[in-house]
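I opened a notebook page for this model and kept to what can be looked up from its atoms. The entries follow in the order in which I made them.

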Amino acid sequence: MGAAGAGALGWLLLLLLLLLLLPAVPRAAGARPCSPKYFGRDAMVCVCNATYCDTLDPVVLPALGAYVKYESSKAGKRLERSEGSFQRSLHAPDLVLTVDTTKRYQKVKGFGGSVTDAAAINILSLPETAQDHLLRSYFSEEGLEYNLVRLPMASCDFSLHAYTYDDVPFDYELTHFSLRDEDTKLKIPLLHRALAMSKQPVSLYASPWTSPTWMKTSESYVGKGTLKGEAGDKYHKTWANYFVRFLDEYAKHNLTFWAVTAENEPSAGLINNYPFQCLGFTAEQQRDFIARDLGPALANSSHRDVRLIILDDNRLHLPHWAKVVLEDEEAARYVHGIGIHWYLDFIGPIQDTVVPTHELFPDYFILATEACIGAHFWERDVILGCWDRGNQYSHSILTNLNHFVAGWTDWNLALDLEGGPNWVKNYVDSPVIVDTSEGIFYKQPMFYHMGHFSKFIPEGSQRVGLVASKESKKTDLEYTAFLRPDGAVVVVVLNRSLQNVTFGLADTVGLIAALAPASSIQTYLWRRQ
């Protein structure tokens, strides 16, 4: 073959190459698909490393009369986007869900997770570009757009060791108070990177697990113990000032907090031999500590706008805990919200706990502040690719949102293959699991389930009515509807059953003929005018 022939062949190959590349051009700018890995049948994770990670496009509302749908399923879809059109009047299926914006409920604060020492250690163990992929997956427009981050004040069980910010005995002036390497080298740099990636404001909130041991009856980080003395005394005043100092020190690092909780799981410190950091308060002790010490300390500081959240424990304690604290005028004036954990939900139905609390105290927000799977002794710690664990997250989020809860916070943003590190080996699961030895991380079904809410229901959205037509009202579907600040409607539909379910979605713009596949979750989004 002569030079001319070789040249022609070269051009032909180039042309073929260009044709092959053409379909990939829109992809390059847009969403990148999941790189799947299976750990048994249907147990799929999406793998990310230093060079690749699946991404999403920023949310764009479709034209009036069209809707956009995102779907994840046990069969392998992960927030897969499609568009469709409203029908004017189709013969409606048996089950029609009708949006009713005349019914208005709570406004949303947001969704997110927690930056524990363990989460920070795991994220920072990755190559730097993989770290960025992980943070972007959670916080950026190409990810889940988290807008809530919970932060332990000093150590918790998901730390390498127990410590506080002032372990010098009887330092009532907190002269020796100082942040630790875990803050300055791990958590703070990560938070700055996460906040820089986010298009919308991210609200930080902090929770203490234990006070310094010298303030405690047990003189230990762990086990049964409360603050020494009683509300109004030097121990309680010093502990209240510790919160202010924490906020001061973080402010020096250019991080300001939306809220603090008065104590993580105050009931834990009332349990004999409790295995990790805790500080016991009864509802009455929390009431008095807030009224006499913590409330005034915050109000008289430069952090008077920081919200104060009570309980931060299992909802089983409601409505009793809220009644004790909020029926006391002195305490109630300093409080803004109530935090709930999910660990004993199966013995404290939401109708008996959260609902009466909202009815008694409608002006206080209720926020789900901690949840993870694997904490109970009968559960496996980490199960890679487990779809049912995603279902458990979505079922909890939907149940909470449908009963006046304003948002939902996951526990550790990332853990290792064991479900740690955790200094008392209290290993649990997480939506992101890091394999340090390979420099990769796995995005679990829980991660995508979170995204069906966090990415599409921004802060300020308001829950509205979503009414089922079906005479029997019996359906396998779970669902909720919100009106976003931009006027669009978002509907999330979860099908935990093994059957496909056909249904209709009706609004003023028309009807969507929809199908919820077996073991799937969908988010629908449309303009109303």
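Which residues are linked with K69 in a network of salt bridges? I found K69, E71, K77 and E80 joined in this network, where a salt bridge is a side-chain nitrogen of Lys or Arg within 4 Å of a carboxyl oxygen of Asp or Glu.

Basis of the entries. I am working with a predicted model, in which local features need pLDDT of at least 70 and side-chain atom pairs count only at pLDDT 80 or more, while totals for chains, interfaces and linings use all residues. Residues are numbered from 1 along each chain as its sequence is written, and side-chain values use heavy atoms, with hydrogens and water left out.

Salt bridges. For cover I used relative accessible area (buried is under 20%, exposed over 50%, partly exposed in between, with a 1.4 Å probe and protein chains only). K228 pairs with E219, their closest N and O atoms being 2.7 Å apart; K228 is buried at 14%, whereas E219 is exposed at 52%. E249 and K252 form a salt bridge with a closest N and O distance of 3.0 Å, and they are separated by about one helical turn because they are three residues apart in helix α6 (helices are DSSP runs of H or I of at least four residues, strands are runs of E of at least two, numbered from the N terminus). E478 and R496 meet in a salt bridge of 2.6 Å, N to O. This pair links distant parts of the chain, 18 residues apart, with E478 in strand β18 (residues 477-483) and R496 in the loop between β19 (489-495) and β20 (501-507).

Cores. I next looked up the nonpolar cores, which are sets of buried Ala, Val, Leu, Ile, Met, Phe, Trp, Tyr and Cys residues joined through side-chain atoms within 4.5 Å. The largest has 137 residues, and F246, Y250 and L326 have the most contacts inside it. Helix α6 (residues 234-252) gives the largest share of this core, nine residues. Apart from it lies another core of 24 residues, including Y67, L95, V464 and L466. Leaving aside neighbours within four places in sequence, I listed the contacts of Y250 (heavy atoms within 4.5 Å), among them L151, Y165, L179, D183 and F257.

Aromatic pairs. Rings of Phe, Tyr and Trp (its six-membered ring) pair if their centres lie within 6.5 Å, and planes under 30 degrees apart count as stacked, over 60 as edge-to-face and the rest as tilted. I noted 39 aromatic pairs by this rule. Y274 and F276 are edge-to-face, at 5.0 Å centre to centre and 65° between the planes; Y274 is buried at 13% and F276 is buried at 10%. F447 and Y448 are edge-to-face too, at 5.0 Å centre to centre with 75° between the planes. Both lie in helix α12, where they are buried, and 10 of the 10 residues of this helix (445-454) are buried. Ring pairs also link a cluster that includes Y165, W239, F246, Y250 and F257.
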